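The tour below moves through aromatic contacts and then through charges placed over rings.

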Amino acid sequence: MCGIFGIENSDLASYFTYLGLYALQHRGQESAGIASWDGKLVHVERGMGEISEIFSESFVKNLEGFRAIGHTRYSTAGVSSLRNAQPIAVNTSLGPLAIVHNGNIVNATFLREQLEKEGSIFQTTSDTEVILHLVAKFSRDGSILKALYNALLKVKGAYSLLLIAQDSLIAAKDPWGFRPLVMGKIEDAICFASENCAFDLIGAEFIRELKPGEIVVVQGDNVQSFFLPSASVSTPCLFELVYFSRPDSTVFGEDVAARRIEMGKLLAKEAPVDADIVSPVPDSGLFAALGFAQQSGIPFSYALIRNHYVGRTFIQPTGKIRDFRVKVKLNPVKSVIKDRRLVLVDDSIVRGTTSRKLIRMLREAGAKEVHFRVSSPPTKWPCCYGIDTPTKEELIAANKSIEEIRNFLEVDSLAYLSLDALLSTVNNKTFCTACWNGDYPVTIPKSYRRSPRLFPIKTEEDI
Ligand code: AMP
């Protein structure tokens, strides 16, 4: 769960990257960083927290050059620490290299163990560093493109990548096309981003989504495409459309807001209910709730208000405030709730713990009935391709029936959108749906269980 941005051939490369990362902040808030290339040196600035906490004007000015890449991180492999923040920059025999990565490499542990046996010394616990070591290993192949191509042949899983090399900016997407990556243009510069909402902010024109397995090399205004051997079928992540991407983006060629409204409409058709108000869990349930209201004719309102000014960390109160972590973010609007029958719409239930607390809040605010509607199927399987989901033991739908979940949440009724209905909202029918049906498009090797995500390796910084 990360956001990446890159730009080639711009006098404002690091400034545009900084702005682009602002628009991709929803994809990760743990750490962020930017690397730039001025023709001689790679400059890197990284820090923990959100963009506004890390980057000052002077930081951005120090990032000189006409080529830049940036990253917002939400760790799905490797622990959350400054050492694992990206971009990661190294020197190879083919010159300096900096990389940013969104996704999760499922054979990273296996590759890392092999590379370590051959003498590699890793600086981080992140799966991304494996790609750099492989590129360094293959650098005898003569060019960065050949080295990267041969490195990526070894890598299995999800990656959308941007790299600064000394003569080019390179973008690459895995052959299954799990994570989004789009290309745009601003004046003479070519840019790339996880989502095109980053282009809107800087005024760049959207060109296209990268194809699965595509490697794009940009040098000045020259753009060339190369392809990795294709996977038998492309499997972009459908959860990007359900939850993760910003509604104003077009992801995998699908308009995110429009698809979510459609999901809400189908949910209202599949699981209608008599009620007075339809309300989203903000912000994740917003567009699906709109769709539910439009289809059912039940008025839309906000039963819950989200405080947008809460960072990821806050000082816990010393005295006990019940449900503090939820209350600091979401609060009930009593006048909307009192004596009303509510339909509460959210995109997904993961552990069920937040939803349960929210529903209690609604009851305490005087709701007469609460009907919970979820705009995707029950999440039963952990994602291994870059969405942060807990283990199977912690996923409520992997362990309880829908009736048991209804009881746990203490709602009057509970319904999920069916997978068939969800798939009917999108044009491509080969999306990855592993989190709902366990159908993993890339086999998960045994070594994955030795990954730092499941068995965290404590580094000095993390203690
Ligand atoms: P819970 O009630 O604890 O299962 O939390 C459900 C909420 O978590 C919903 O509002 C979802 O939008 C949100 N959510 C779903 N997937 C994720 C994820 N991978 N990381 C963080 N939040 C998520």
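Begin by selecting Phe252 and Phe431, both of which are buried. This is a predicted model. Where do Phe252 and Phe431 lie? Phe252 is in the loop between strand 14 (250–251) and strand 15 (254–255), while Phe431 is in the loop between helix 16 (419–424) and helix 17, so the pair ties together parts that are 179 residues apart in sequence. The two rings form an edge-to-face aromatic pair, with 5.9 Å centre to centre and 65° between the planes.

Widen the view to aromatic pairs in general: the count comes to 13. Select next Phe239 and Trp436, whose rings make an edge-to-face pair at 6.2 Å centre to centre, with 65° between the planes. This pair links distant parts of the chain, since Phe239 belongs to helix 8 (residues 239–244) and Trp436 to helix 17 (residues 434–437), 197 residues apart.

Finish with two charges over rings. Select Arg356 and Phe408: the charged end of Arg356 sits over the ring of Phe408, 4.4 Å from its centre. Then select Lys392 and Trp381. Lys392 lies over the face of Trp381, at 4.3 Å from the ring centre.

Methods. Residues are numbered from 1 along each chain as its sequence is written. This is a predicted model: local features need pLDDT of at least 70, side-chain atom pairs count only at pLDDT 80 or more; totals for chains, interfaces and linings use all residues. Side-chain values use heavy atoms; hydrogens and water are left out. Rings of Phe, Tyr and Trp (its six-membered ring) pair if their centres lie within 6.5 Å; planes under 30 degrees apart count as stacked, over 60 as edge-to-face and the rest as tilted. Helices (H or I, at least four residues) and strands (E, at least two) are DSSP runs, numbered from the N terminus. Buried means under 20% relative accessible area, exposed over 50%, partly exposed in between (1.4 Å probe, protein chains only). A charge sits over a ring if NZ of Lys or CZ of Arg is within 6 Å of the ring centre and within 35 degrees of the ring normal.
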